[in-house]
Amino acid sequence: MNGDHPEDTLVICRALGGHPGATAARMTGLDGDGGDYAVTVRGVELAVRIPWARPLTERAQIRAEVVRMYREACERLGVAPRGH
């Protein structure tokens, strides 16, 4: 996630993580209930937890959920999603 789609992670954290002014973001962990992120706001790194839309029980579900979150985040921010 961090290496492949850093811009997507930032969009998700801006729109769904409550930090619209974030300038950087990276995923730091995850479990069946949500993802943990470190976001940078005004030069300070903050921990953010964003819950999944539903509990996830299989690894394959994570990618689909992150794509869903990215699309929702783009819609909320009024930006066009890039192709995945």
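Predicted model: local features only at pLDDT ≥ 70, side-chain atom pairs only at ≥ 80, totals over all residues.
**Entry 1**

I started with helix α1, residues 6-16, and helix α2, residues 59-77. I looked up how they pack. The angle is about 60°, and the axes lie 8 Å apart. That angle makes α1 oblique to α2. I then checked the hand of the crossing, and for α1 and α2 it is left-handed.

Which residues make the contact? From α1 I noted D8, V11, I12, R14, A15 and L16. From α2 I noted V66, M69, Y70, E72, A73, C74, R76 and L77. I sorted the contact by class. It has 10 nonpolar residues, 4 charged ones and no polar ones.

**Entry 1: burial of α1**

Next I asked which residues of α1 are buried. I found D8, T9, L10, V11, I12, C13 and A15. What covers them? The cover includes helix α2 and the strands β1 (24-31), β2 (34-41) and β3 (44-51).

I also looked at P6, which is in α1. P6 has a relative accessible area of 34%, so I logged it as partly exposed. I took the C-alpha distance from P6 to A25. The two are 19 residues apart in sequence and 7.2 Å apart in space.

Just after the helix, G18 takes a positive phi of about 80°.

**Entry 2: R76**

R76 sits in helix α2. Is R76 buried or exposed? R76 is exposed, because its relative accessible area is 55% and the cut-off for exposed is over 50%.

I listed what R76 touches, leaving out residues up to four places away in sequence. The entries are A15 and L16. I then checked the side chain for polar contacts. The R76 side chain makes one with the side chain of E72, at 2.7 Å.

V41 is 35 residues away along the chain, and the separation is 19 Å.

**Entry 3: Q61 and T57**

I moved to Q61, also in helix α2. What does its side chain reach? It reaches the backbone nitrogen of T57, at 2.6 Å. Beyond its neighbours within four places in sequence, Q61 is in contact with R54 and L56.

T57 counts as exposed, at 70% relative accessibility.

**Entry 4: R42**

My last stop was the loop between β2 and β3, where R42 is found. I looked up its phi and got a value near 50°. That is positive, and R42 is not a glycine. Most residues other than glycine have a negative phi. I therefore marked R42 for a second look, and its relative accessible area of 80% makes it exposed.

How values were computed
Residues numbered from 1 in each chain as written. Heavy atoms only, no water. Axes fitted to C-alpha atoms, helices over the stretch in contact; angles between N-to-C directions. Helix = DSSP H or I, 4+ residues; strand = E, 2+ residues; numbered from the N terminus. Parallel < 35°, antiparallel > 145°, perpendicular 65-115°, else oblique. Left-handed = near helix turned anticlockwise from the far one by under 90°. Contact = heavy atoms within 4.5 Å. Nonpolar A, V, L, I, M, F, W, Y, C, P; charged D, E, K, R; others polar. Polar contact = N/O pair within 3.5 Å; in protein donor to acceptor, adjacent residues only side chain to side chain. Buried < 20%, exposed > 50% of the residue type's maximum accessible area, 1.4 Å probe, protein only.
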